[in-house]
There are 2 protein chains.
Amino acid sequence: MNALADPIARQLEDAARAARAAAGQLARAGRPAKDQALLAAASAIRARQEAILAANAADLEAAPGLTAAFRDRLVLNPARIEAMAKGLEEVAALPDPVGRVLAEWTRPNGLVFRRVAQPLGVVGMIYESRPNVTADAAALCLKAGSAVLLRGGTEGARSSAAIHACMAEGLRAADLPEAAVQIAPTQDRAFVGAMLRAAGLIDLIIPRGGKGLVTRVMEEARVPVLAHAEGLCHTYIHARADHGMARRLLANAKMRRTGVCGATETLLIDAAIAPELLPLLVEDLAALGCSFKADERARSILPALPVATEADFATEWLDSILSIKVVDGVESALAHIRRYGSEHTEAIVTEDAEVAAAFLNGLDSAVGMWNASTQFCDGGEFGFGAEIGIATGRLHARGPVALEQLCTYRYHVIGTGQTRA
Amino acid sequence: MNALADPIARQLEDAARAARAAAGQLARAGRPAKDQALLAAASAIRARQEAILAANAADLEAAPGLTAAFRDRLVLNPARIEAMAKGLEEVAALPDPVGRVLAEWTRPNGLVFRRVAQPLGVVGMIYESRPNVTADAAALCLKAGSAVLLRGGTEGARSSAAIHACMAEGLRAADLPEAAVQIAPTQDRAFVGAMLRAAGLIDLIIPRGGKGLVTRVMEEARVPVLAHAEGLCHTYIHARADHGMARRLLANAKMRRTGVCGATETLLIDAAIAPELLPLLVEDLAALGCSFKADERARSILPALPVATEADFATEWLDSILSIKVVDGVESALAHIRRYGSEHTEAIVTEDAEVAAAFLNGLDSAVGMWNASTQFCDGGEFGFGAEIGIATGRLHARGPVALEQLCTYRYHVIGTGQTRA
């Protein structure tokens with residue numbers, strides 16, 4: 001990147017260098033200062049509620065052609081603003097992830113080795129229209145001791161700026177550098193590109209939004225990315241499943257919320273139990289408003305079901321639609337998941353511990369579940385407190401990305417004058 | 001990458017897909033099979049010593065213009081071949097990193113969460129002329145349950161092929177897929193580029209070689225990379241150092257081996273002790289054949305020392321040369337390290353525990369040492385067994401990369417029918 005020739009790249013570089021310097025101060029700040037900043041920011045969000053709502057109203061007015069779903073993601077109200085403030089307080093209450101001794105051992109020569117959790121440095125956050133991501137991401141990065149550069153969707157720019165002002169107030173109150181939490185200085189789309197190319201300036205990019213955004217980020221980024229492009233999750237009902245449990249789990253995994261990445265998109269069911277159980281499962285889900293795409297073997301049991309194409313099994317519906325395939329045991333289920341899955345979350349329902357182990361050990365996915373709903377794939381449900389996203393890559397962190405996953409580590413080696421032979 | 005239009009890309013894709021399938025089998029293979037393959041490969045290396053030496057002789061003959069250093073890296077002899085075989089046996093003796101339960105907890109709803117170590121998948125290894133890397137990297141990846149695609153330097157291609165044949169023999173003996181350890185099907189340099197672009201096909205690239213190779217890999221790769229471009233390591237002698245210890249440590253850190261990445265390149269010494277101690281340090285090192293580049297304050301003590309330029313402090317000498325700078329305490333030392341260092345390994349020599357803590361906590365480097373030689377930055381010295389390299393990035397792994405660092409993790413969530421509210 002030739003910063004001199006490209007004003008956007010220069011803006012990025014200036015922001016990132018300020019973030020790097022702030023990250024150094026943040027890394028050495030103790031828990032009290034970080035928590036103080038978070039609590040002061042929460043107070044500021046409550047105190048500035050009217051200003052935030054006004055900014056949000058201006059955002060909504062400036063973009064009249066929005067779909068209802070987009071508008072719902074963008075709109076703020078007093079309840080959502082209070083939830084943001086509470087979210088900051090919850091992050092303040094979480095333990096400090098920095099400085100944890102992850103491992104410690106002593107070598108025969110007396111050298112003591114400690115692996116110690118450390119802040120990542122500078123995080124780049126690229127997201128769409130939900131203004132609350134501004135507060136949530138800032139809080140998690142701050143608590144993890146990293147500076148963050150936030151680039152939210154243009155439609156929510158005024159809302160994000162109003163929320164960012166509260167974060168800045170919190171940082172000032174705790175005598176921490178304001179550059180630790182920055183919003184992009186421009187809404188020019190080229191700034192996103194500059195962030196993605198900023199290897200060495202930004203340590204990690206986290207995209208949050210639809211598949212289009214995440215895929216673009218993954219494909220273009222020269223900076224490491226933690227993300228998932230999609231959550232094409234499977235629930236596999238094994239021949240020795242408890243039928244009542246299978247019905248409850250599938251209904252929850254598919255229909256509790258259909259738009260979340262941990263929602264089940266495809267049911268795999270063993271041929272041995274399909275004739276008896278599948279009609280009940282379909283009846284349960286149909287009553288909840290679900291429709292279906294079924295393979296030929298499923299349609300031989302329930303001929304009224306629409307046909308599933310190859311493409312359907314590769315589709316993350318994020319809707320009240322379930323793909324159904326009849327399989328012949330755990331290896332057949334695993335083969336389907338490896339072919340069509342997104343390495344996100346898969347569940348098996350069975351009373352057979354050996355089969356469950358074969359399933360869990362045979363997966364490549366970030367999360368494998370046994371007799372549980374795939375919708376439990378969430379940092380809060382894992383006990384991590386808030387999460388910043390879910391990762392399906394294989395490096396650094398998989399599954400929910402929360403405070404611990406926002407850290408790296410460093411070794412401390414403590415000697416008494418040892419030299420190497 | 002349009003594989004159909006590009007025969008090199010197609011070769012890479014075929015190799016990587018075969019590797020992916022083999023990785024699946026390897027991931028589910030138990031420790032006995034993996035160890036059997038390693039031991040059988042060690043036997044094959046001993047049995048085929050003559051063939052390996054002949055291949056090596058052909059490599060040397062085909063490249064008559066080599067420098068002495070290059071030739072030394074490329075040449076094999078019976079001792080080096082025996083060391084390779086022993087290396088494979090040592091990896092076989094290490095514990096299996098796959099399947100370790102890294103963390104386990106239970107949530108209030110009864111869900112049990114386990115974080116379990118898993119193989120990464122497909123590793124790409126890009127290296128220069130040392131033929132032993134073929135055996136070492138193959139052994140570590142195999143033991144870690146990942147397939148590996150090896151692309152060594154053209155000059156050592158015959159040697160690598162002969163060693164690879166032994167690895168293949170080991171895999172066959174253990175009934176494991178030969179595609180788990182592959183050498184590049186072509187010496188075309190475009191194959192390296194294809195590897196670097198193979199996001200989704202290769203999960204991790206590890207480069208091993210000079211700074212030029214590593215920097216190219218880091219700059220061009222679209223696949224995650226674990227590496228260090230350089231090891232510009234510092235030893236900081238604090239005002240309250242034990243002088244005898246400081247002399248022993250610096251001599252070892254600089255001169256034990258000057259060509260390794262953990263060798264100290266720059267001495268930082270506190271102004272308070274420099275007049276007394278610096279002449280002794282210089283005398284010690286000069287007696288070992290070291291020369292010097294000194295800042296003005298050091299030259300005010302020892303005027304005969306050559307002047308250090310700004311560029312000298314940014315140079316990884318990998319030679320019997322030491323840059324010297326006089327500093328004013330720990331913050332001054334840290335500021336120099338942050339400006340010129342490579343985030344690899346730095347050491348402090350002091351009897352003051354508080355100062356040592358400030359130094360260790362103030363670093364951004366992968367490894368910080370207190371009263372120990374920087375040359376201990378090595379997987380074997382850390383107790384990891386063999387290492388495949390040293391990483392200075394901030395994601396996934398830092399410091400020595402050994403079996404544990406070659407793994408990712410996955411969550412197993414075990415329920416009794418829990419649904420999410």
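**Note on the predicted two-chain model**

1. Glu13(A) and Arg17(A) both belong to helix α1 (residues 7–28) of chain A and sit four residues apart, about one turn of the helix. Helices (H or I, at least four residues) and strands (E, at least two) are DSSP runs, numbered from the N terminus. The two side chains form a salt bridge at 2.8 Å, N to O. Here a salt bridge is a side-chain nitrogen of Lys or Arg within 4 Å of a carboxyl oxygen of Asp or Glu.

2. On the basis of the record: this is a predicted model, in which local features need pLDDT of at least 70 and side-chain atom pairs count only at pLDDT 80 or more, while totals for chains, interfaces and linings use all residues. Residues are numbered from 1 along each chain as its sequence is written, chains are lettered from A and ligands numbered from 1 in the order in which they are written, and side-chain values use heavy atoms, with hydrogens and water left out.

3. Chain A has 16 helices and 15 strands. Its radius of gyration (over C-alpha atoms) is 24 Å, close to the 22 Å that the globule rule (2.2 Å times the number of residues to the power 0.38) gives for 421 residues, so chain A is as compact as a globular protein of that length. The C-alpha trace of chain A spans about 70 × 65 × 40 Å along its principal axes.

4. At the interface, 69 residues of chain B contact 69 residues of chain A, contact being heavy atoms within 4.5 Å. About 5900 Å² is buried between the chains, with 49% from carbon and sulfur atoms; buried area is the accessible area (1.4 Å probe) that two parts lose on being put together, summed over both.

5. Over all chains the structure holds 58 salt bridges, and eight are counted between chain B and chain A. One of the pairs is Arg420(A) with Asp378(B), whose closest N and O atoms are 4.0 Å apart. Strand β15 (residues 407–418) of chain B gives the most to the side of chain B that touches chain A, with eleven residues.

6. Arg115(A) forms a salt bridge with Glu404(B), at 3.7 Å between the closest N and O atoms. Arg115(A) lies in strand β2 (residues 112–119) of chain A and Glu404(B) in the loop between β14 (399–401) and β15 of chain B, so the pair joins two chains.

7. Strand β15 (residues 407–418) of chain A pairs with strand β12 (residues 367–372) of chain B in the parallel sense, over five bridges; pairing requires at least two bridges found by DSSP. Tyr411(A) has Val367(B) as its bridge partner in β12(B).
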